[in-house]
Amino acid sequence: MPDMLRLASHDGALLGAQPTPADAALAVRGMTVSYGQKPALFSVDATFPSGVMSAIIGPNGAGKSTFLKAALGLIPMVSGEVRFFGLPLAQARSRIAYVPQRASVDWDFPTTVIDVVLMGRYRRLGLLRRVGRADLALAQEALARVGMEGFAHRQIGQLSGGQQQRVFLARALAQQGDLYLLDEPFAGVDAATEAAIIEVLKALKAAGKTVIAVHHDLSTVADYFDHVFLVNVRAMAQGPVASAFTTAALSQTYGGRLGAGQLDQLHPAKG
Ligand SMILES: Nc1ncnc2c1ncn2[C@@H]1O[C@H](COP(=O)(O)OP(=O)(O)OP(=O)(O)O)[C@@H](O)[C@H]1O
Ligand SMILES: [Mg+2]
């Protein structure tokens, strides 16, 4: 039996309603990633159902960004297996849109907003076709969806942090993928931008798309997300918010770095 199938039936018995790797938007098995001696992620299994919004949660340095980058093949794994919609990355790449953590982007790069959004079209275009009128229209529509239509010809470095975040979301939208991987989409944005972004993400879900976002604000997890994956080097807990986002799982993941008061305010599922 192929490895992925064997693991799927094993998980099915353990976790009940967890999706099998074949119908999950993203399924990771045994992912270990190391930058030096100490692994940043160790033997991580994680399954993200398709058609819902999932949060990746864990403290600073837990390996959340590393998890997304390794799944996307941007950094190497020591070991592990990754499937998107049951397929290896190479066969699913055009269906995946990725918005990196804002701090990791070089904002001094001299390029305009519309060019950044058009980058979302390049994979569809391939190397030989030129950007056409339809691509431009799609890029402009994506900017309008995030409320940035008036900024098309502005230099990206001349935008505020929240505006830059919206432009990167527009680039992901222009890609017209099925799976959106977002690394801290709400970091450093104001309440209005956060509301605008969550509206866009909910519309994606309503259209049958899958959203997986690294998320830090524990107080909004239950409002925004259907499914959670708690990680701190190792996979700590995962499943529907109602059953997996528990006080016990949170204190284990944060290793006592959250006070009882903070945990009480969250009203996560009992556990
Ligand atoms: N390029 C790198 N070289 C060496 N170590 C790295 C590198 N990138 C990340 N690390 C280390 O790997 C660990 C995980 O980092 P990662 O960026 O994945 O954490 P994170 O969960 O995304 O944290 P944050 O919430 O701060 O964004 C950290 O200990 C970090 O210092
Ligand atoms: Mg990170």
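In what follows, Ala, Val, Leu, Ile, Met, Phe, Trp, Tyr, Cys and Pro count as nonpolar, Asp, Glu, Lys and Arg as charged, and the others, Gly among them, as polar. The structure is a predicted model, in which local features need pLDDT of at least 70 and side-chain atom pairs count only at pLDDT 80 or more, whereas totals for chains, interfaces and linings use all residues. Residues are numbered from 1 along each chain as its sequence is written, and chains are lettered from A and ligands numbered from 1 in the order in which they are written.

The protein contains eleven helices and nine strands, these being DSSP runs (helices H or I, at least four residues; strands E, at least two) numbered from the N terminus. Of its 271 residues, 41% count as buried, that is, with 20 or more other C-beta atoms, placed from the backbone, within 10 Å of their own.

The shell around ligand 1 comprises three nonpolar, seven polar and one charged residues. Among those surrounding ligand 1 are Tyr 35, Ala 40, Asn 60, Lys 64, Ser 65, Thr 66 and Gln 101, where a residue is near a molecule if its C-beta atom, placed from the backbone, lies within 6 Å of it. Helix H2 (residues 64-71) gives the most to this shell, with three residues.

Ser 54, which lies in strand S3 (residues 53-57), is buried because 26 other C-beta atoms lie within 10 Å. Leaving aside neighbours within four places in sequence, Ser 54 is in contact (C-beta atoms, placed from the backbone, within 7 Å) with Phe 48, Ile 212, Phe 225, Asp 226, His 227, Val 228 and Phe 229.

Terms used: A residue is buried if 20 or more other C-beta atoms lie within 10 Å of its own, exposed if 12 or fewer, and partly exposed in between; C-beta atoms are placed from the backbone. Two residues are in contact if their C-beta atoms, placed from the backbone, lie within 7 Å.
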